[in-house]
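Subject: Structure handover, with notes on pockets, patches and salt bridges

Dear colleague,

Please find the structure below, followed by my notes on what was found in it.

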Amino acid sequence: MRRETSIHGQWSSKLIFVLAATGSAVGLGNIWRFPYIAGENGGGAFVLIYLACILAIGLPIMMAEISLGRRGRQSPINTMATLSREEGLSRMWGMVGWVGVAAGFMILSFYSVVAGWSLSYVFRAAGGAFSGLDAAGVEALFNGLVSDPERLLAWHTLFMIMNVLVVARGVRSGLEQAVKFLMPALFVLLLVMVGYAYSLGHFAEGLRFLFKPDFSQVTGDTILLAMGQSFFTLSLGMGAIMIYGSYLSSRASIARTSAAVVSADTAVALLAGMAIFPIVFASGLAADAGPGLIFMTLPLAFAEMPFGLFFGTLFFVLLVMAAWTSSISLMEPAVAWLSENRDIDRPVAAVIVGAIAWLLGIGTVLSFNLWSAGFGFHVSWGGEVIYIGGTVFDILEYLTMNILLPLGGLLIALFVGWRMTRRSVEDELGIGSRLIFGAWYYVLRFAAPIGILLVFLKAINII
């Protein structure tokens, strides 16, 4: 008999699920990565391609992943094992769950370190550390942080403790209470930042950059970047959306809730761009400053602007909130699995998962200072000598973002689109219109796998 609720609990409403799933999807990828990628790839043209990719790849895969979670009502590992058995398929399909949980766990280990930077910058901004600094001073401030392993470890530890405290309390008392506060607060803070950006007098310039298409700058790489961002920004393929789906009521529409999550996630990315680019232009800085846009370019802007201390602090609080809602979702699948399979109480399971992720994160902490030379070896290939390796952070990021996440998403699309019976898929999704279901099913089976495969091939430098 199919479970109506997970043993871990259930969201109290569809709105809470939307907030939780949006919180999982909204993270540094929206507020940090999206603006600088857009800035480096022509602004508006990239945004249009990104939105098309969200509809063609992100939404179909999200609906499939949520449907798997709700049908299995367990951790991703146990869900995939159960559904494979029910569909009469090979036990090897159970590996889909392991891929997702492993990817999420590894991401959590280095995500916590980067989120620690944001946490550190909240206190730096509030203390006026940016005031009077020039570009060299802001760069020295950032380099001073990442080159100090003890300080990085302290912020990494604090952020991981924040995650453990939430996840240990369970679905209703922990995850739900956190997202009920953090997500509305995040949207309010983001709107306040947009209002501040509007007041600086360069808002129209920022909007033109973000939304006016310049297709002369579009290349094949631009399209592949947009595909990759549309996939990664929704937390797909890492077990988070699947476990959150397992807590969703059977009466809720997966199609509508998925569309709401995708819309909210995209809105955050666009609002972040609307907040950041006018600030950058008002300061006469470069919009294509790359990853340094958040931690080096914007502090310089806040240092020179009226009320920069207040709004700089607000901005980094916003970053911490976004990172926090994402990281608790990364921890949840492994905690749920420990609780199900090892008969461990949730608080103990949360401490175990947090401690192991914290230990693995030490490798990322040291990647920016003592171990910055990295590890690796040289191989001969086609007459060329190729270096394989990098820092612990480089290796973890490459393995998760370029291998495990695309692989997980591809396997989800293939499992739901090609291996589950159509009747099972229709039964779980509950889409009344056969035309709408048929269109979604076609995209899931063909367009989404092809798009993910292209992203994967690009990531490993085959195309």
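A salt bridge, as the term is used here, is a side-chain nitrogen of Lys or Arg within 4 Å of a carboxyl oxygen of Asp or Glu. Please keep in mind that this is a predicted model, in which local features need pLDDT of at least 70 and side-chain atom pairs count only at pLDDT 80 or more, whereas totals for chains, interfaces and linings use all residues. Residues are numbered from 1 along each chain as its sequence is written, and side-chain values use heavy atoms, with hydrogens and water left out.

Salt bridges

Side chains of opposite charge can pair when their charged atoms come close. A search of the whole structure finds nine salt bridges. In one of them, the side chains of Arg-346 and Glu-332 meet at 2.7 Å, N to O. Because Arg-346 lies in helix H15 (residues 346–367) and Glu-332 in helix H14, this pair ties together parts that are 14 residues apart in sequence; helices here are DSSP runs of H or I with at least four residues, numbered from the N terminus. Both partners count as buried (under 20% relative accessible area, with exposed meaning over 50% and partly exposed in between, for a 1.4 Å probe and protein chains only), since Arg-346 has 13% relative accessibility and Glu-332 has 0%. Elsewhere, salt bridges that share partners join Arg-70, Arg-71, Asp-427 and Glu-428 into one network.

A further salt bridge is formed by Asp-221 with Lys-458, whose closest N and O atoms are 2.8 Å apart. This pair links distant parts of the chain, with Asp-221 in helix H10 and Lys-458 in helix H18, 237 residues apart. Asp-221 is partly exposed at a relative accessible area of 42%, and Lys-458 is also partly exposed, at 28%. The side chains of Asp-148 and Arg-151 meet in a salt bridge as well, at 3.2 Å from N to O; Asp-148 is partly exposed with a relative accessible area of 25%, and Arg-151 is partly exposed with 33%.

Pockets and the cavity

The search for spaces ran on a 1 Å grid over the protein atoms alone, where a cavity is a set of points at which a 1.4 Å probe fits but cannot get out, a pocket is an open set with protein on both sides within 12 Å along at least five of seven lines, and lining residues have an atom within 4 Å of a point. Grid points are joined across faces, edges and corners, and a volume is the space filled by probe spheres set on the points.

The largest pocket has a volume of about 950 Å³. Its lining consists of 37 residues, of which Arg-33, Gln-229, Phe-232, Glu-397 and Met-401 lie nearest the centre. Several helices each supply at least two of the lining residues, among them H1 (14–25), H10 (220–232), H14 (308–341) and H18, while the largest share, eight residues, comes from H2. By class, this lining divides into 21 nonpolar, eleven polar and five charged residues, where Ala, Val, Leu, Ile, Met, Phe, Trp, Tyr, Cys and Pro count as nonpolar, Asp, Glu, Lys and Arg as charged, and the others, Gly among them, as polar.

The second largest pocket has a volume of about 170 Å³, and its lining residues include Ile-77, Arg-85, Arg-91 and Trp-98. Helix H4 (76–86) and H5 each supply at least two residues of that lining, with H4 giving the most, four residues.

The structure holds one cavity of 30 Å³ or more, and about 60 Å³ of space lies in the largest cavity. Helix H5 (95–126) and helix H16 (392–419) each supply at least two residues of its lining, which has six nonpolar, five polar and one charged residues.

Surface patch

Patches are made of residues with over 30% relative accessible area and no salt bridge, like charges being joined within 9 Å and nonpolar side chains (Val, Leu, Ile, Met, Phe, Trp, Tyr) within 5 Å; the areas come from the Shrake-Rupley method with a 1.4 Å probe, and for residues only the protein chains shown count as cover. A nonpolar surface patch of about 700 Å² is made by Trp-418, Tyr-442, Phe-446, Ile-450, Leu-454, Ile-462 and Ile-463. Helix H18 (residues 434–459) gives the most to this patch, with four residues. Trp-418, for its part, lies in helix H16 and counts as partly exposed at 38% relative accessibility.

With best regards
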